[in-house]
Amino acid sequence: MNWKQTGRASRSLLRISMAEGLQYRASAISGVFVSVFWGIIECVLFTVFYTYSDNGWNNNGLSLEQTISYVWLGQALFLFQRMNIDGELMDKINNGNVGIDLCRPLDLYTHWFVKSSAAKLGTSWIRSVATIGVGLLLPAGYALGAPESPAGFLCFLMSVSMAFILCSAYAMLVTAIRLNVTWGDGPTYILLLVSGILSGTYLPLRLWPDELQTFLYLQPFGGFADIPIQLYVGSLEPASALPGIGLQLMWSMIFIVAGRIIMNRKLHTIIVQGG
Amino acid sequence: MISEVKIYGKYLRMHLLSGMEYKGWWLMLIQVFVVVVTDPISTVLLFSRFGNIGEWTVAHIILVYALAVASFGLAESLCRGFDYFPWQLLRTGEFDRLLLRPRSLFVQVAASRFHLHRLVRPATGICAVVWALSELEVPLSPRNIAILVMALAGGCIMYCGVFVLTSGVAFFTVKGLDWIYLFTNASYQVTRCPEPYLPQALKSMFSFLLPMLFISFYPAATVCGWDYPAWPGYLALPAGAAFLGCALLVWRIGVRHYKSTGS
Amino acid sequence: MQIELRDIRKSFKVYKRPEGKFGLLRGAFMRNVQQVEALGGISFDIAAGELVGYIGPNGAGKSTSVKIMSGILTPDSGECRIMGRVPWKERQRHVSRIGVVFGQRSQLWWDVPVEDSFDVLKDIYGIAPGDYRSRLAELTATLDVESLLRTPVRQLSLGQRMRCELVAALLHRPQILFLDEPTIGLDAVSKLALRSFLKEENRKHGVTMLLTTHDMDDIEALCERVMVIGHGQLLYDGRLAGLQEKYAPEVTLKVNTDAMIAAMYSDLALT
């Protein structure tokens, strides 16, 4: 594999997907609309539970303000998890067009890794930035708060980049599995759903039952959103950033290796349907 | 009309036949089951951590929520094709083919996809409604059953309207269609919040823009005898029909605007 | 006249990105909308039973006009009457009298046997059972597809599929058949078979055919009359021979390459 060539290919792939992302203004606007709306519903719900419920104190060290910040960042980071395999790559597999990609002078894994992560970034960055912007501008009760500390913010940024790689690696693993399954996207769908739930975007992991907390910390999907966001809101100290990011790194490696093995092992036995 | 129903049945048979040609269709059942089970998980977990909100227990919320989800699931099963329309039929030009057939477009699009496993969602939704009612010790009297059936039918019609609206708008923009998510999967999330605590703006939006509360909360309140006027509980059908009517209008304008792709 | 078009116009909007260094970014905020004229006033008549070739370069407006005539698209202005009906206004009644074959798209259900697709089409077009049986028997016999009826469509070769597509398009005895590049990608033998079938169908049942193609051999073999379209305008409408006299008077002899290849295939017992 030629690194220089791969780098150049990634650059142009990123450029083209950025162009696509900008082209479809309406998509970005309506996307932000959805994220903000969803965020507001979540904020309302958490406010109700924190304020009026019988055990409002039982929040496991995550105050209402922190939870609301969590919601907004969660909306922004959730876009990393959106998979492109249900679009283009899935079509390719279904139509047997995967052959076209096999003809490109790039290693298939690298090619798709770069392509899907570029597509992810290119089409979602506007939406993420705008959602965070709106979150900052909302009236006090529902607004995204400032980071806990400058150090925490720095750790947050590092952890976010790691989360992006982790999400891409996971997406590739799911794609590789999808490649081996000629009958429907059931298994991959379940995988995506489970990862989404365990990432904390639906409900901050801290608010899950206490007895699950150790498991929730160690499982890979917390690295998608929960670890970076907790670093931001301060429910994880900057001191625990290193193990957190280390955990993300470890799971990324595992996903990449597993994805590569599965993809390469089965590549020559793909049953290309139709075509 | 009768022949359209027959065509719909024929299409469904076709989909079932081609579905069986592939292995692993039963995996789809598991898939939807996972979706259905995980859907309310965050609500249940929130209740288990924070306890009840005044009078509102998890059963109250599940009742309202399950009504909404079940009608969504019904619409999704019957009008699955509309759900796929913008991304598959329209983009690939498959819609051309439907226009070339001497049958109602509505039936053809609705039946252009069918997935048996989608029925898992309404089925579990209805089970959840029954569970919640027994938990709240509300009897299943004929009157209550009638109200619930009307709520489900109205909700199904309303969500069909949502799908038709999506497809109608898709004629103008496919990429800018994400907002429709507010009307589909996001819309029933709003029922997770106890109605008395819902901000007024959201209440109005989900009564008048999308008559969500009329197909979930008000019927539930009437059935359980909560402290609300009873009459809104009977309005599910007209509310759903009104929404579908507006959606069909958009659909019609859209068809006239159709630009076929490819050569 | 069976088909009448009067001054049909249709244009599409095309979005263009602004030029220059920051074109990408500026494109997000402003748009250059351009109206591209696909059809700039097309008029012609076709009588019942005619076999007309419709040619022109890619993007000339062929597909657009065929789509208007088959009721898929609504034109911006102009009149179009086919068998006395305006296609986009009386869509259902109009399309039950016409058949359309797209060379690059299938109207058969991909995963089920061909026969099942025909069966659904029977109900869609409301064909009487007796008529359906006799018509199906006739078509399958002439197109030689009886043996394929129980095969799922996805397992057919392109040539086999195309023949089944023709059966599907003609089951309901349409009076007009629109063919959009029906021979694209077919081998010589299949092409010849297809052509002779179309000719026969036209002669026996008087089906009017409008054939869009890039394959001039198709036109030569089938069509007396040719219409040439370019830039949304009708440039030529007349006999094929007239076109030859005008643009290639010196060509006197032409080898029919398809016939040659087909002879070779059968000589080598490839089919």
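**Exercise 1.** Determine the handedness and the relative direction of the crossing of H7(A) with H8(A) in this predicted model.

*Solution.* Step 1: H7(A) passes H8(A) in a right-handed crossing, the near helix being turned clockwise from the far one by less than a right angle. Helices are DSSP runs (H or I, at least four residues), numbered from the N terminus.

Step 2: The axes of H7(A), residues 150–180, and H8(A), residues 186–198, lie 9 Å apart at an angle of about 160°. Axes are lines fitted to C-alpha atoms over the stretch in contact, with angles from 0 to 180 degrees between N-to-C directions.

Step 3: The two helices H7(A) and H8(A) are therefore roughly antiparallel (over 145 degrees).

Step 4: Tyr170(A), Val174(A), Ile177(A) and Arg178(A) of H7(A) meet Thr188(A), Leu191(A), Leu192(A) and Ser195(A) of H8(A) (heavy atoms within 4.5 Å). By class, this contact comprises 5 nonpolar, 2 polar and 1 charged residues.

**Exercise 2.** Characterise the lining of the second largest pocket.

*Solution.* Step 1: Among its 17 lining residues, Leu105(B), Trp251(B), Arg252(B), Val255(B) and Arg91(C) lie nearest the centre of the second largest pocket.

Step 2: At least two lining residues come from each of helix H7 (105–110) and helix H13 (236–256) of chain B and helix H3 (91–95) of chain C. H13(B) gives the most, with 5 residues.

Step 3: The lining of this pocket divides into 8 nonpolar, 4 polar and 5 charged residues.

**Conventions.** Residues are numbered from 1 along each chain as its sequence is written, and chains are lettered from A in the order in which they are written. Local features of the predicted model need pLDDT of at least 70, side-chain atom pairs count only at pLDDT 80 or more, and totals for linings use all residues, while side-chain values use heavy atoms, without hydrogens and water.

Key:
On a 1 Å grid over the protein atoms alone, a cavity is a set of points where a 1.4 Å probe fits but cannot get out, and a pocket is an open set with protein on both sides within 12 Å along at least five of seven lines; lining residues have an atom within 4 Å of a point. Ala, Val, Leu, Ile, Met, Phe, Trp, Tyr, Cys and Pro count as nonpolar, Asp, Glu, Lys and Arg as charged, and the others, Gly among them, as polar. Angles under 35 degrees count as roughly parallel, over 145 as roughly antiparallel, 65 to 115 as roughly perpendicular and the rest as oblique.
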